[in-house]
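User: I would like to learn how to read strands, cores and ring pairs in a model. Could you take me through them one feature at a time?

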Amino acid sequence: MNLKHRLPIVIGILSLTAISCQNPSKESKVEDAVIETNSIKSIKEKFNTDVPEKILTPDVVETRLGSLNFFDGLPSEETTKKVYDNLDFMRGVETFLNGIPATSIEGLRLGMQEAGSNTANQVIIFDELMDSNPLFLTGNTSTVYASTFLDLKNDGPTVVEIPAGCGPGTVNDAYFRFVVDMGAPGPDRGKGGKYLILPPDYDGETPKGYFVAKSTSYVNWLILRGFLVDGKADFSSTMFRDGLKIYPLKDKGNPPTMEFINGSEKEFNTIHANDYDFYKELGDVIQREPVSFLDPELRGLFASIGIEKGIPFSPDDRMKAILTEAVAVGNATARAISFKTREKESSIFKTGHWESGFIGGDYRWLKNDGKGGRFLDARTRFFYVATVNTPAMVMKMVGKGSQYAAAFLDGEGNYLDGSKNYTLNIPANVPAKDFWSVVMYDPQTRSELQTEQNLPSVSSQRSPLVKNEDGSVTLYFGATNNAPEGSEANWLQSVPGKGFFVLFRLYGPLEPWFDKTWQPGDFELIK
């Protein structure tokens with residue numbers, strides 16, 4: 001060949017042990033060599049044809065990882081180690097962000113066991129509402145929760161009989177995907193009925209007389225809500241205790257006795273880990289569920305850091321150190337996505353700082369009707385701060401279901417600070433057929449804020465709120481009661497030195513909410 005060679009400029013002498021990109025531990029190596037750091041121009045001169053610059057790799061590339069060194073496109077030993085460490089780190093971060101739905105369900109399962117629910121017939125019920133003692137992602141204080149886990153691997157097809165008058169209920173699978181609604185938004189339309197939940201590998205006959213849904217996982221979370229009557233929980237508590245039945249289909253002739261465990265004022269944790277234990281929790285889910293539970297892309301991501309079905313998760317010291325850092329960055333990223341979103345469509349109104357929890361408005365987390373694929377950050381954001389995935393929470397159902405708005409910032413765009421005092425105006429004629437509520441949450445735990453107020457919330461249904469002359473309600477927030485005399489019931493307590501955020505809920509939302517002709521005020525700092 002007639003190659004045109006010119007004397008390159010020698011920038012420096014680098015000692016390189018170039019190794020195979022496929023496996024740096026193999027013996028196929030290029031001997032230590034003197035490397036001449038060539039410019040792209042000098043690299044091009046070594047070809048017979050005019051090779052496009054954009055497909056070539058310089059001998060030195062400056063990046064956020066530092067200098068990456070190559071000999072004719074072959075990475076040095078130091079560069080190879082550096083980029084593999086970075087690759088494992090990136091996949092550790094992505095595993096955290098994409099594994100949250102699974103570990104959140106696992107956290108709930110472990111927390112329910114801690115509270116005493118180990119089988120499907122053992123139901124945690126909040127007879128006196130959910131207070132701030134349990135750690136539970138953005139739970140509400142205005143409905144009676146009844147909840148348990150279904151174990152379809154051990155129990156097989158499982159029957160859930162719900163009573164008439166049941167409020168919204170949902171079954172989610174072990175990756176927090178929607179399985180079926182029950183109660184008011186479900187096929188029984190609040191009249192009660194029998195539901196049959198089938199395991200993913202079930203191929204038998206389906207008996208008649210049931211609302212049937214097939215899950216993609218063995219573990220499934222059942223969450224039911226009952227409404228207050230005259231501001232009290234008694235009606236719904238009795239409704240569940242007398243009418244809720246859960247049993248394996250095979251035991252329908254002799255179903256197990258139902259057990260109800262009062263979760264009110266109990267201390268237990270249902271939230272996934274934000275440290276290295278996160279990966280252990282995810283590993284437990286992957287080992288328990290069938291391979292078909294997740295698509296190959298997610299399985300491949302998790303397997304890339306050692307979380308694979310049938311293989312023990314046992315990273316070496318190097319990998320454990322990388323994952324310990326990755327989960328810290330993943331957690332920080334999830335917090336930025338959740339509390340300081342960069343998604344413009346998160347804003348519910350053209351003005352103000354009220355945000356939607358369901359960015360994109362799709363319970364499957366599809367962006368732009370699927371044209372944008374999976375809305376990854378929207379999914380991460382929701383499951384980092386909330387639970388329950390159902391189409392009913394995003395559909396426009398005037399006078400039915402519920403709608404949610406979150407406030408993390410005050411009117412000036414600053415985080416809400418428990419050391420400061422604020423007002424929040426709720427204009428008259430709130431578009432809620434049933435009731436509305438405001439609940440305070442802790443940004444650390446994303447659970448109800450723990451203060452001297454056991455229920456850190458107000459509700460138009462159970463709180464003796466004082467209205468202004470125009471029918472609006474002014475709420476007051478601060479470490480001490482800063483409400484005017486006579487309006488003390490409008491005060492919600494914060495904690496000095498801690499932040500907080502709130503969820504505004506409307507039950508039975510009406511048209512002015514959907515067409516945005518009604519809008520709550522912003523948090524205003526009292527100076």
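**Reading strands, cores and rings**

Analyst: Let us begin with a strand that has both of its faces covered: in β9 (residues 169-172), Gly169 and Val171 on one side are buried, and so are Thr170 and Asn172 on the other. Please keep in mind throughout that this is a predicted model.

User: Which strands are joined to β9 by bridges, and how do they run?

Analyst: On one hand, 4 bridges join β9 to β10 (residues 178-182), and these two strands run antiparallel; in this pairing, asparagine 172 has phenylalanine 178 of β10 as its bridge partner. On the other hand, β9 is joined by 4 bridges to β13 (residues 219-227), again in an antiparallel arrangement, with isoleucine 223 of β13 as the bridge partner of threonine 170.

User: What should I look at in the hairpin of β9 and β10?

Analyst: The hairpin has 5 residues between its strands, and phenylalanine 176 takes a positive phi near 60° there.

User: How should I think about a nonpolar core, and which residues touch the most other members of the largest one?

Analyst: As a general idea, nonpolar side chains in soluble globular proteins tend to be buried together. Here the largest nonpolar core holds 65 residues, of which Phe96, Trp221, Phe278, Tyr279 and Phe302 touch the most other members. Helix α2 (residues 77-115) gives the most to this core, contributing 10 residues. A second, separate core has 29 residues, including Phe349, Phe504, Leu506 and Phe523.

User: What are the ring distance and plane angle for phenylalanine 504 and tryptophan 518?

Analyst: Their ring centres are 5.9 Å apart and their planes lie at 20°, so phenylalanine 504 and tryptophan 518 are stacked. Phenylalanine 504 is buried, with a relative accessible area of 0%, and tryptophan 518 is buried at 7%. Both belong to one aromatic cluster, whose members include Phe349, Trp354 and Tyr422.

Key
Residues numbered from 1 in each chain as written. Predicted model: local features only at pLDDT ≥ 70, side-chain atom pairs only at ≥ 80, totals over all residues. Heavy atoms only, no water. Buried < 20%, exposed > 50% of the residue type's maximum accessible area, 1.4 Å probe, protein only. Pairing = 2+ DSSP bridges. Core = buried A, V, L, I, M, F, W, Y, C linked by side-chain atoms within 4.5 Å. Phe/Tyr/Trp six-rings, centres within 6.5 Å; stacked < 30°, edge-to-face > 60°.
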